[in-house]
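Opening my notebook on a new structure today.

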Amino acid sequence: MGFTITQGLMLVLLIASTMAVITARPFGNSINTQTSNKIIVGGSYHWNYGFNYIEWAIKHGPFYLNDTLVFKYDPPTPKTFPHSVYLLPDHDSFIKCDLKNAQRQGNPNQGAGEGFQFVLKNKQPHYFACGEHDGIHCRNGTMKFFVTPIDRSLR
């Protein structure tokens, strides 16, 4: 079974964004290297349908060990589509949006207020996706992204 064009393009994007995160250096004011950062996923757009989070992660990297990702999203109502945060186990699951072995980190109600927080504790890639309704927002390619945190001493 071969790759589809979409899977191939996602693989190229994944490799390119990993390289961008690893080689990127922040610009502007220097940041205290001994502290961690709180980063709102999606910036002012938060964690919502219709936003390209892969592109966001590429533009806002690098991410460092002990940084906190904050996922803010509205709680479900009869008029809104719920969101959640799943951590997928590997690259293949990320590409396919296969949630079978994923772990739910933030449920549909945890994004309200201050949002759901996830601390980047290891140097492995972290693959995130919205998992509601069998991951439909992940499968369309928008509500998913990954980060590979690096040690602050590598800045």
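This is a predicted model: local features need pLDDT of at least 70, side-chain atom pairs count only at pLDDT 80 or more; totals for chains, interfaces and linings use all residues.

Before I start on strands: I count two of them as paired if DSSP finds at least two bridges between them.

I looked up an open sheet of three strands and got the order β1-β2-β5, with mixed pairing. At its edges sit β1 (38-40) and β5 (116-119), each pairing on one side only. From one strand to the next, the twist averages 25°. Then I checked β2 (residues 68-71) against β5: they run antiparallel and four bridges join them. Who faces Val119 of β5? I found Thr68 standing opposite Val119.

The largest nonpolar core has 32 residues, and Trp47, Leu69, Phe71, Phe128 and Phe145 have the most contacts inside it. Among the elements that give it two or more residues are α2 (53-60), β2 and β7 (144-147). I followed up Phe145, and its list of touched residues includes Trp47, Leu69, Phe71 and Phe128.

How many disulfides does the structure hold? I found one. It joins Cys97 to Cys138, S to S 2.0 Å. The pair links distant parts of the chain, 41 residues apart: Cys97 is in the loop between α3 and β4 (103-106), Cys138 in helix α4 (residues 132-139). With -80° about the S-S bond, this link is left-handed. Both Cys97 and Cys138 are buried.

Conventions:
Residues are numbered from 1 along each chain as its sequence is written. Side-chain values use heavy atoms; hydrogens and water are left out. Axes are lines fitted to C-alpha atoms, for helices over the stretch in contact, and angles run from 0 to 180 degrees between N-to-C directions. A nonpolar core is a set of buried Ala, Val, Leu, Ile, Met, Phe, Trp, Tyr and Cys residues joined through side-chain atoms within 4.5 Å. Buried means under 20% relative accessible area, exposed over 50%, partly exposed in between (1.4 Å probe, protein chains only). Contact means heavy atoms within 4.5 Å. A disulfide is a pair of cysteine sulfur atoms within 2.5 Å. Lists of a residue's contacts leave out its neighbours within four places in sequence.
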